Amino acid sequence: MVNIDLLTHFEESTSGNGVTLFTLKEAERDDFFNKLPQPFRCLYLTDEDLDWRTNEFGTSRADEIIDKIPDNPTIMSGEFSEILCYYIIPEKYLPSSHLRPPKWKWKESKNNPAHFTDVILFCQNDLDNPSTDDSLISIESKARATRPTSTESSLQKAIDDAHKDYVSRLGESLFHLKTRYKDDRNAEAVNRLSRFMDVANYPTFLKHFKAIATVDGSFADIHLNNVTEIPDDIRDTFEVILIRIEDLKGAYEHTFTQILAT
């Protein structure tokens with residue numbers, strides 16, 4: 001998977017309560033959004049699968065894309081944030097050799113959320129020699145394009161769900177990914193996953209948990225100020241990130257509309 005240089009369009013800073021902030025530069029807004037449609041669509045429907053569908057059924061590209069991408073605003077907002085994390089986080093934290101499961105292409109229904117952990121990324125620099133430097137990044141993503149109440153925080157909700165991944169859900173998520181890769185007859189991906197699932201035969205690896213909220217920039221301070229608790233048992237392997245985008249509703253609506261033209 002090639003990085004598409006999204007992070008360059010954000011300013012990075014740290015809040016007073018230790019949250020990492022990525023703020024979209026308004027002067028680069030158009031350049032940023034022009035990069036999104038085709039890479040986003042490929043996570044729902046690859047070029048190869050799209051060509052097969054149109055050739056096999058005599059349909060248009062837009063017709064086939066409509067069948068795969070959500071049109072429910074809540075799901076659109078949530079998946080916009082998830083896919084943004086899918087592309088941005090490797091640019092900052094992972095080298096070029098890694099496995100990124102495209103969970104959105106495996107959904108049973110376009111307007112239902114995908115199962116288990118929102119985003120999982122894997123890094124194994126030497127595919128022939130597993131090491132303790134190999135890593136797994138587990139991401140819990142939340143999105144909020146509208147004003148939260150005075151006590152709400154999408155960041156805190158992401159923190160709470162990321163803790164569930166740490167405590168119990170990650171193992172289920174890995175098994176689910178292995179099953180879906182088998183359904184795709186992708187033996188290479190299944191074998192690469194084994195390094196992160198077979199603790200008896202492979203060395204330990206690094207685990208990083210990230211709670212990420214993508215919010216409308218106008219309401220970012222509310223989310224920041226209402227972060228109340230990061231569980232002590234995951235502090236050493238945990239990061240909280242807030243992605244700030246002005247007019248987030250317009251952003252995800254525009255992106256999903258432009259996907260139809262890819």
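1. Asp161 is buried, at 14% relative accessible area, and this is a predicted model, so take that as a computed value. Asp161 pairs with Lys142 in a salt bridge whose closest N and O atoms are 2.7 Å apart. The two ends sit in distant parts of the chain, 19 residues apart: Asp161 belongs to helix α6 (residues 154–183), Lys142 to strand β5 (residues 135–144). Lys142 is partly exposed, with 22% relative accessible area, whereas Asp161 falls under the 20% cut-off for buried.

2. If you're checking charges by eye, bear in mind that the whole structure holds 19 salt bridges.

3. Next, Glu79 and Lys107. Their salt bridge has its closest N and O atoms 2.4 Å apart.

4. Glu28 and Lys25 give another salt bridge, with N to O at 3.8 Å. The cut-off is 4 Å, so this pair still counts as a salt bridge. Here both partners are partly exposed: Glu28 has a relative accessible area of 23%, and Lys25 comes out at 25%.

5. On to helix packing. Helix α3 (residues 47–57) packs against helix α4 (residues 61–68) with the axes 9 Å apart and an angle of about 120 degrees. The two helices are therefore oblique to each other, and their crossing is right-handed. On the α3 side the contact uses Leu50, Asp51, Arg53, Thr54 and Phe57; on the α4 side, Arg61, Glu64, Ile65 and Lys68. Sorted by class, that contact has 5 charged, 3 nonpolar and 1 polar residues.

6. How do α5 and α9 cross? The axes of α5 and helix α9 (residues 248–259) come within 10 Å, at roughly 90 degrees, so α5 and α9 are roughly perpendicular to each other. From α5, the residues making the contact are Pro73, Met76, Ser77 and Phe80; from α9 they are Leu248, Ala251, Tyr252, Glu253, Thr255 and Phe256. The class count for this contact is 7 nonpolar, 2 polar and 1 charged.

7. Leu177 counts as buried, at 7% relative accessibility. Which residues does Leu177 touch, leaving out those up to four places away in sequence? They are Pro101, Trp106, Ile120, Phe122 and Leu193. For a sense of scale, Leu177 and Lys207 are 30 residues apart in sequence, and their C-alpha atoms are 17 Å apart in space.

Conventions:
Residues are numbered from 1 along each chain as its sequence is written. This is a predicted model: local features need pLDDT of at least 70, side-chain atom pairs count only at pLDDT 80 or more; totals for chains, interfaces and linings use all residues. Side-chain values use heavy atoms; hydrogens and water are left out. A salt bridge is a side-chain nitrogen of Lys or Arg within 4 Å of a carboxyl oxygen of Asp or Glu. Buried means under 20% relative accessible area, exposed over 50%, partly exposed in between (1.4 Å probe, protein chains only). Helices (H or I, at least four residues) and strands (E, at least two) are DSSP runs, numbered from the N terminus. Axes are lines fitted to C-alpha atoms, for helices over the stretch in contact, and angles run from 0 to 180 degrees between N-to-C directions. Angles under 35 degrees count as roughly parallel, over 145 as roughly antiparallel, 65 to 115 as roughly perpendicular and the rest as oblique. A crossing is left-handed if the near helix is turned anticlockwise from the far one by less than a right angle, and right-handed if clockwise. Contact means heavy atoms within 4.5 Å. Ala, Val, Leu, Ile, Met, Phe, Trp, Tyr, Cys and Pro count as nonpolar, Asp, Glu, Lys and Arg as charged, and the others, Gly among them, as polar.
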